[in-house]
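Biologist: Please pick one spot in this model and look at it closely. Then lead me on from there, step by step. Keep it plain, as I am new to this.

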Amino acid sequence: MGLEEFVKEKEFLICVDSDGCAMDTMDIKHIRCFGPCMVEEWGLYKWENLILKRWNEINLYTMTRGINRFKGLTQMLREIQDQYTQIDGIDEFELWVKTSDELSNTALKKSMEKTKNICMEKALSWSEKVNQSIDQLPEEDKRPFEGVKDALKYAHEYADVAIVSSANEKAVLDEWESYGLLEHVDLVLAQDAGSKAYCIQQLLKKGYKNENVLMTGDAPGDCQAAMKNGVFYFPILVCKEAQSWQEFKDVAVLRLIKGTYAGAYQSEKIKLFEDNLK
């Protein structure tokens with residue numbers, strides 16, 4: 001079922017990100033897949049260690065955590081050109097990233113076929129290799145964080161639950177299905193559905209009041225998507241994921257239902273979130 005077919009059933013809506021939020025997959029995907037595939041695609045072995053360290057900083061441990069893969073790639077390639085070696089065609093690829101309505105493999109392929117831009121061609125190849133590499137990760141290395149299943153089961157008693165993720169849809173479905181999480185989900189919106197802000201905006205049109213909607217995520221983009229739409233945000237803190245999910249279940253869901261999420265509690269959550277990524 002897609003966004004157009006989705007019908008509101010409960011008065012409350014809880015949106016949940018996947019990688020690094022519900023699933024303990026973000027670090028492993030970037031460390032084993034995203035970074036190494038970039039080094040391979042552009043032949044950056046001479047500076048591999050430095051480049052991989054910087055890739056992980058951008059995508060995992062700073063305020064750009066969770067950035068769209070093509071935005072992260074553009075930033076990294078621009079730094080590589082400035083510090084190490086020429087990246088052919090980067091200007092046109094960067095322009096596409098800044099102006100495209102949809103940042104996905106499908107959209108990139110359409111633009112690449114028109115422009116024949118070498119950087120766009122390599123970016124698409126890289127992205128497809130990343131997806132293949134992620135598919136080949138051992139299943140035991142792609143697990144939900146402690147407490148996620150119980151928390152989602154509890155939340156689903158009171159609210160419609162939607163996955164809102166910028167990850168590849170197949171990977172999201174496979175990972176959530178493997179651990180029985182999809183039974184507590186009403187809708188899956190992944191990379192091709194549009195930005196997180198757009199997805200939340202469209203979900204609000206289904207009839208939810210803004211004060212009845214909560215976005216749960218681990219990255220600044222999740223918080224920004226919530227704020228842009230005037231809905232609440234609950235952070236899953238990096239390196240404190242189990243504690244975060246416990247609080248989500250014990251405190252956040254009830255505050256949302258009882259109408260006491262706004263004000264001091266929301267401000268406290270956002271401050272803790274920002275301090276945790278500095």
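**A close look at Asp 160**

Modeller: Leave aside the neighbours within four places in sequence, and Asp 160 is in contact with Phe 6, Lys 8, Glu 9, Lys 10, Phe 12, Leu 13, Ile 14, Asp 186 and Tyr 208. Keep in mind that this is a predicted model. Asp 160 sits in strand β2, which covers residues 159-164. Its relative accessible area is 1%. Buried means under 20%, so Asp 160 counts as buried.

Now look at Lys 10. In sequence, Asp 160 and Lys 10 are 150 residues apart. In space, their C-alpha atoms are 5.8 Å apart. The side chain of Asp 160 reaches the backbone nitrogen of Lys 10 at 3.1 Å. Tyr 208 is another partner. The side chains of Asp 160 and Tyr 208 are joined by a polar contact of 2.5 Å.

Phe 12 is also on the contact list of Asp 160. Follow it into strand β1, residues 12-16. Strand β1 runs parallel to β4, and 4 bridges join the two.

Check both faces here. Val 213, Met 215 and Gly 217 are buried on one side, and Leu 214 and Thr 216 are buried on the other.

Next comes strand β5, residues 232-235. It pairs with β4 in the parallel sense, over 4 bridges. Leu 214 stands opposite Phe 232 in this pairing.

Phe 232 leads us to the rings. The model has 13 aromatic pairs. One of them is Phe 232 with Tyr 261, a tilted pair with 4.9 Å centre to centre and 40° between the planes. Phe 232 lies in β5, while Tyr 261 is in the loop between α11 and α12, so the pair ties together parts that are 29 residues apart in sequence. Both partners are buried: Phe 232 has a relative accessible area of 14%, and Tyr 261 has 1%.

Other rings form a cluster. Ring pairs link Phe 34, Trp 55, Phe 70, Phe 93, Trp 96 and Trp 126.

Now turn to a helix. In α5, residues 105-115, the buried residues are Asn 105, Ala 107, Leu 108, Ser 111 and Met 112. Look down the axis of α5: these residues fall within an arc of 155°, so they line one face of the helix. The face turned away from them carries the exposed residues Lys 110 and Lys 114. The buried residues of α5 pack against α3, α4 and α6. Just after α5, Lys 116 takes a positive phi of about 60°.

One last stop is α4, where Glu 94 has its place. At 17% relative accessibility, Glu 94 counts as buried. Not counting residues up to four places away in sequence, Glu 94 touches Thr 74 and Arg 78.

Definitions and conventions: Residues numbered from 1 in each chain as written. Predicted model: local features only at pLDDT ≥ 70, side-chain atom pairs only at ≥ 80, totals over all residues. Heavy atoms only, no water. Buried < 20%, exposed > 50% of the residue type's maximum accessible area, 1.4 Å probe, protein only. Contact = heavy atoms within 4.5 Å. Polar contact = N/O pair within 3.5 Å; in protein donor to acceptor, adjacent residues only side chain to side chain. Arc of directions from axis to C-beta. Pairing = 2+ DSSP bridges. Phe/Tyr/Trp six-rings, centres within 6.5 Å; stacked < 30°, edge-to-face > 60°.
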